[in-house]
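Notes are below, in the order I looked things up.

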Amino acid sequence: MFILWLLASGFFIALMAPKRFLSLSFTLALSLLLLVFAIWGLWAGNSSFLTGPYLALTPLRAWFMLVLGVVATMSSWYRFGYHQHDETTTAFWLPIFLVSMVGVLTAQTVWIFMTAWEMMSITSFFLVVVHHNRPGVVKAGYIYLVMSQLSALAILSGLLLMAATVHSMNFSVWATTARDLPWNIKSWIFALLGLGFAIKSGIIPFHVWLPRAHPVAPAPVSSLMSGAMIKLGVFGVLQFLLFDLGPTSILWPIVLLTLGAVSSLLGVLYALMEHDLKRLLAYHSIENIGIIFLGLGVMALGVDWHQPNLMTLGLVASLFHTLNHAIFKSQLFLAAGAVEQHTGTLDAEHLGGLIRTMPGVAVGFLVGSMAISALPPFNGFLSEWLTFRGLLSLASRSTGLWALFGLGMALVLALTGALAGMCFVKASGVIFLGQPRKPLPHQAIPHSMTWPILSLAVLCLALGVAPAPMVHIIASLMPGMNAQAAVLLLPLKASLLALVLGTLAVVVAVLSRVWDAREVPRWNCGRTVDASMQFSSASFTKAVRTTLAVIYRPHRQLTRTGPQSQDFPEHLIYHGGTTPTWERYVYRPGYRLAWAISRYSTRIQAGSVRLYLTYLLATIGLILLFLH
Amino acid sequence: MLWGAQIVGVVLAIGLAPFFMGVAQTVKARRQGRHGPSVWQGYWVLAKTWRKETTVPEYSSWVFRLAPSMSLAALLLTVLLIPWSGTVPSAWPHDLLAVFFLLAFERFWVGLAGMDSAGTFGGLGASRIATLGTGIEPAMLAAFGVLWVLSRQTAIQPLAPALMRQSLGIIPWGLAVLSYAFVLLAETGRLPVDNPDTHLELTMMHEATVLEYNGRFLAQSQLAIAVKLTAILGLGWIWLGPQLATPWANLGLRLVELLVSSVALGWLESRSTKLRYFQLSTYLTMAAGIGILAFYLVSSGGLN
């Protein structure tokens, strides 16, 4: 009953869209309610207060509800200060988007699940195309819609296949009977559902929609999509494939691990080449989903091999990273929105020195950068540490090729972590530090935008300093697992580590009297320095672009202008970039094929009514002929 | 006794760090036919720079001022995490992965400081340090590959190295040492990866990021470099070197080992030239490859 009220309230708030303050307050209230609801669900545990044939809240779902609640609360709070074009549209679709995600998380039958899923896709499509008068937005939204529908199609087929073999549409029945399905059916279900959820999560090679759709949406929407929506794909994989299906063919954990490794590495590599802050963050979402999938793969192997240790490690690593990524990614997206509102641009090559004009947001962005680069003492460090442990225990507990595979995955994760660190030194350095690269008008940022970012930063720190309660909660999500939860974080002693690091930093900083220093001009071999002499986003990553030219396929073009342009150019115009490999070599042929097929089909389907009547007659004739 | 040995080890590792740097410099100078400075020169330089006036470049922010403290704190914590006498009390954190992440932390702040100095060289150094880091981190994980197989956990200390050498066999052990040595030179910024003595802008890496620092901040950065060298040398000896029976004897052995490796470092540096920047990816891939090979030999049970 309660949940029905929750769902109905979403539509109610949507109708209040024209009244700005009222609508914002109610959305915030709804988000807080979600948070309370999630905590209540986690508190109640397996003897959940909400169980029914249509809607139910299991501990796993409550965990994802918590993720949703945190992101939704902070984004709603942030919207009080955020100014955007056509705010009423966002105010209308956002509450419905929120409740449709709640619907996905609480659905107990196929129909409710798919209805909520489709509502989520469509409302998020409308939220993406809010700025439809800007160039490229409608195209991005369209690509997103097509990919969402493909994902929904795959998920629906998978769910129907499962329902047909189990003879029930109810998820609570699946939890007990799906384990006994024949292996080939399990493989089909895994393939279909895995494909659908991977598309929704933005796993490479199904990621093309993500770096397009997330950046064009308003910042609170980007933060909700990156922080919460793509996590529902993770939820689907966990709930239906790992919890319900149980052991499957050994192929599927390998697929999960490989997808995770490819996504994390390529995601961060593409992010490194981006100069638009929001696109950079969108690629980092792909990277982090990849890391979560690595954790899921470890868990899947644990399920297949009946190794509870590996299973717990994978589950805790992936779910903890899900929450952590939701926190720091929404924090970074909100900070990006603040940068856009402050300066009017997101192009890193035009920005710089924002730490002086927006200090609060800069602190938030720095903390978020450190968390996403997995640096202690923040939360990302712990979940990546757990993922590393999972992969390394895979490497050390098996022999031969399996061990090599495990080590390879760990090496990919290490490379990803290092590249992410580099990318965020670039992003924070170019945008927030140094001298402004162009004189841009600055608009003041209201406190209601800074505080949500800083609150999320505090959460990052809190989870990094005291991770034990969270780890304990996650380990108890699956029955019979909490026994080993306490030893998971040994021998790290994360809290002690964080405290010592903090104390050391403060002591050293005080001893060296950081405040006591005089400002002098910069040194540049004796010449006068200007802002254009600083390293830019493109030059910072030049070495990586050259080293990994096989992946990036970089191109550049230098144009000389002026009357004697060959020898004495007056201006040099530089165009450089990288080739979008997946789009050009995978998606474009598919797109061309679809066009070719539709062109051929116009020969028999030209829109003439007489032609269709002929088809009808011919069909009836044929049927009569055969039924005769 | 464990507590005492560990604390004394940490204090010695930090306190003697400039001395070991000095030893390497002196050996290098002698090999080049110079007399060179005293082995204690590092302490005089530190004391002198600490007393000088500290300035910061225009357009820099608190990040620039705080970065040396952050880097130094991370490296001091790294030294704390290393079991200097071979064994640590059970209440002491001693995780190897944490060491990796702390090194990444240090690199992150050095990079930020470079970007915040708002000049060309800072950005150049930050870019180079970060690019090098993307090679070092996986290579280091691979260099420790053997350890993952034998200890089955991420802690440094529970495996007595003597035992490990027995179960390793000479070939995987040699490969692990080689791989670790490659990574060590890259991580501590020594030749053939980075020249610690250079002041030529075009070839600088670490030096470029600290170019704008002086006074107390420069002293912190110099101490940080020395501490990092000691920590990474010591870590290598702890898991690949010999081990004695008691913690105190181990500690003494470690000092001797550090002295020996400083001399070796000076000797090596006087014999090698700096690699081209774009060849460093090959160098680090090779280090990782050797580590992976050692790992595979051990985990597949071959060549025992």
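**Entry 1: the A/B contact.** I kept in mind that this is a predicted model. I looked up the area first: chain A and chain B bury about 6,700 Å² between them, and 73% of that is on carbon and sulfur atoms. Chain A puts 78 residues into the contact and chain B puts in 77 residues. For polar links I got 21 residue pairs in polar contact between the two chains. I then asked which elements of chain A touch chain B; those giving two or more residues include α16 (359–372), α17 (379–397), α18 (400–432) and β1 (518–520). The top giver is α18(A), with 19 residues. Sorted by class, this side of chain A has 51 nonpolar, 17 polar and 10 charged residues.

Entry 2: I checked β1(A) and found three bridges to strand β1 (residues 55–57) of chain B, the two running parallel. Within that pairing, Glu519(A) sits opposite Val56(B).

**Entry 3: salt bridges between A and B.** I searched the whole structure and got 14 salt bridges over all chains. Between chain A and chain B the count is three. One of them pairs the side chains of Asp516(A) and Arg216(B), at 3.9 Å from N to O. Asp516(A) also meets Arg513(A) in a salt bridge, at 3.5 Å. Asp516(A) is partly exposed at 36% relative accessible area. Asp516(A) is in the loop between α21 and β1 of chain A, while Arg216(B) is in helix α11 (residues 215–240) of chain B, so this pair joins two chains. Buried or exposed, I wondered, is Arg216(B)? Arg216(B) is buried, at 3% relative accessibility.

**Entry 4: salt bridges in chain B.** I found Arg254(B) bridged to Glu257(B), with the closest N and O atoms 3.1 Å apart. The two are three residues apart in helix α12 (residues 247–271), so about one helical turn separates them. Both ends are buried: Arg254(B) at 2% and Glu257(B) at 5%. I also noted a salt-bridge network linking Glu106(B), Arg107(B), Glu137(B), Glu187(B) and Lys228(B).

**Entry 5: Thr579(A).** I placed Thr579(A) in the loop between β3 (571–577) and α25 (581–601) of chain A. Thr579(A) is buried, with a relative accessible area of 10%. Leaving out residues up to four places away in sequence, Thr579(A) touches Tyr552(A), Arg553(A), His555(A) and Arg584(A). The side chain of Thr579(A) reaches the backbone oxygen of Arg553(A) at 2.7 Å.

Technical notes: Residues are numbered from 1 along each chain as its sequence is written. Chains are lettered from A and ligands numbered from 1 in the order in which they are written. This is a predicted model: local features need pLDDT of at least 70, side-chain atom pairs count only at pLDDT 80 or more; totals for chains, interfaces and linings use all residues. Side-chain values use heavy atoms; hydrogens and water are left out. Helices (H or I, at least four residues) and strands (E, at least two) are DSSP runs, numbered from the N terminus. Buried means under 20% relative accessible area, exposed over 50%, partly exposed in between (1.4 Å probe, protein chains only). Contact means heavy atoms within 4.5 Å. A polar contact is a pair of N or O atoms within 3.5 Å; within protein, one must be able to donate a hydrogen and the other to accept it, and residues adjacent in sequence count only if both atoms are side-chain atoms. Buried area is the accessible area (1.4 Å probe) that two parts lose on being put together, summed over both. A salt bridge is a side-chain nitrogen of Lys or Arg within 4 Å of a carboxyl oxygen of Asp or Glu. Ala, Val, Leu, Ile, Met, Phe, Trp, Tyr, Cys and Pro count as nonpolar, Asp, Glu, Lys and Arg as charged, and the others, Gly among them, as polar. Two strands pair if DSSP finds at least two bridges between them.
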